[in-house]
Amino acid sequence: MSNAFTPELLARIIDNQAAYAQPLLFVGAQVHVFDSLVGEMEDADILLGEGFIVGTGPGIVTAAGDDNALVIDCAGMVIVPVVIDARAALGLNASRASDVGTLWPGNTGSFAIVDAALATDAASAIMTVLTRPESVAAIVVDGKVVLWNGERTANAPERPDSTRAGEVAASTSPYLGMWIDTSDFLHQELTADGRYDETRGGRPHAFQGSFWIDGERIDYLDDLGFWAFGEFIDGVLHHGPYTLERR
């Protein structure tokens, strides 16, 4: 780990971000941008505004005093996106506007900072993030530092309880009831016990399983083991090719 990544600096960063007093400036790293036109930059900086990347490239640190930025020294570090768009890296997107997760100005600030000793190239840096998070210097997600010297910070969300994946609970959603698609082929009933039952083309119980509604999104776990989802838009349920209304 870099000696620059101290607990004291982390405290300053979190306090600063809570009120957004200063932009964050990560300086002196090898930056793998993953942009369709720009591959990597040596001795480069990332200027992070309120959740978004303001600038990427060498020389930004020279204006740090004027911008009143909080500087994080990333010498000897490699920075890679944590949202990886392989199409962008391979130049397979139709336009740069299609690139997702790249470290280009205007995009959301989500990236990992890895010691160069653990990251001889972009692929090894990403592999370190995925397999050895305890060795990662820092991870920034949506502009917030969520990991620092391998430890989760106060900005990190609670870990999801994967042991309860698929656990069924009673639903109090206002979207309970019978939903029928516009062609009358699909009838889907959502019941308060968190279960769904579908009739398709007059065949009852064609698919049955559990569902979870979170806001306007519904996720299904069929008893056969596959997952599916739908979305409620203006009181209409959109599920795959079907548009369903409640009856």
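Residues 24 or more positions apart account for 52% of the contacts in the chain that have a separation of 6 or more. The model is predicted, and the chain in it has 4 helices and 17 strands. The points below proceed from the chain as a whole to its strands, its aromatic rings and several individual residues.

**The chain as a whole**

- The chain has a radius of gyration of 23 Å, whereas a compact globule of 247 residues would have one near 18 Å.
- Taken along the principal axes, the box filled by the C-alpha atoms is roughly 70 × 40 × 35 Å.
- Of the 247 residues in the chain, 43% are buried.
- The chain exposes about 12900 Å², and 54% of this area is supplied by carbon and sulfur atoms.

**The barrel**

- Strands of a sheet pair through backbone hydrogen bonds, either parallel or antiparallel.
- In this chain, 8 strands form a closed barrel with antiparallel pairing, in the order E10-E11-E12-E13-E14-E15-E16-E17.
- On average, neighbouring strands of this sheet are turned by 30° against each other, direction ignored.
- Within the barrel order stand E15 and E16; strand E15 covers residues 227-233 and strand E16 residues 236-239, and the two run antiparallel, joined by 3 bridges.
- Phe232 stands opposite Leu237 in E16.

**Strands E1 and E4**

- Strand E1 (residues 24-32) pairs with E4 in the parallel sense, over 4 bridges.
- In this pairing region, Leu24 stands opposite Leu70 in E4.
- In a regular strand the side chains alternate between the two faces of the sheet.

- Leu70 has its place in strand E4.
- The relative accessible area of Leu70 is 3%, under the 20% limit, so the residue counts as buried.
- Leu70 and Leu25 are 45 residues apart along the chain, yet their C-alpha atoms are separated by 5.9 Å.
- Leaving aside neighbours within four places in sequence, Leu70 is in contact with Leu9, Arg12, Ile13, Asn16, Gln22, Pro23, Leu24 and Leu25.

**Aromatic pairs**

- A search of the whole structure finds 9 aromatic pairs.
- In one of them, the rings of Phe185 and Tyr242 have centres 6.1 Å apart and planes at 10°; the pair is stacked because planes under 30 degrees apart count as such.
- This pair links distant parts of the chain, 57 residues apart: Phe185 lies in the loop between strand E10 (177-181) and strand E11 (186-190), and Tyr242 lies in strand E17 (residues 242-246).
- Phe185 is partly exposed, with a relative accessible area of 35%, whereas Tyr242 counts as buried at 18% relative accessibility.
- One aromatic cluster is formed by Tyr175, Trp179 and Phe232.

**Positive phi values**

- Most residues other than glycine have a negative phi.
- Phe34 has a positive phi, near 60°, and is not a glycine.
- The place of Phe34 is in the loop between E1 and strand E2 (40-48).
- Phe34 has a relative accessible area of 14% and is therefore buried, the limit being 20%.
- Asp43 likewise has a positive phi, of about 50°, although it is not a glycine.
- Asp43 lies in strand E2.
- With a relative accessible area of 54%, Asp43 is over the 50% limit and so counts as exposed.

- Pro81 lies in strand E5 (residues 77-81).
- Pro81 is buried, with a relative accessible area of 3%.
- In sequence, Pro81 and His32 are 49 residues apart; in space, they are 7.5 Å apart, C-alpha to C-alpha.
- Not counting residues up to four places away in sequence, Pro81 touches His32, Val33, Phe34, Gly101, Leu103, Ser110 and Phe111.
- Phe34, one of the residues that Pro81 touches, is also the buried loop residue with a positive phi described above.

Technical notes. Residues are numbered from 1 along each chain as its sequence is written. This is a predicted model: local features need pLDDT of at least 70, side-chain atom pairs count only at pLDDT 80 or more; totals for chains, interfaces and linings use all residues. Side-chain values use heavy atoms; hydrogens and water are left out. Two strands pair if DSSP finds at least two bridges between them. Rings of Phe, Tyr and Trp (its six-membered ring) pair if their centres lie within 6.5 Å; planes under 30 degrees apart count as stacked, over 60 as edge-to-face and the rest as tilted. Buried means under 20% relative accessible area, exposed over 50%, partly exposed in between (1.4 Å probe, protein chains only). The radius of gyration is taken over C-alpha atoms; the globule rule is 2.2 Å times the number of residues to the power 0.38. Contact means heavy atoms within 4.5 Å. Accessible areas come from the Shrake-Rupley method with a 1.4 Å probe; for residues, only the protein chains shown count as cover. Axes are lines fitted to C-alpha atoms, for helices over the stretch in contact, and angles run from 0 to 180 degrees between N-to-C directions.
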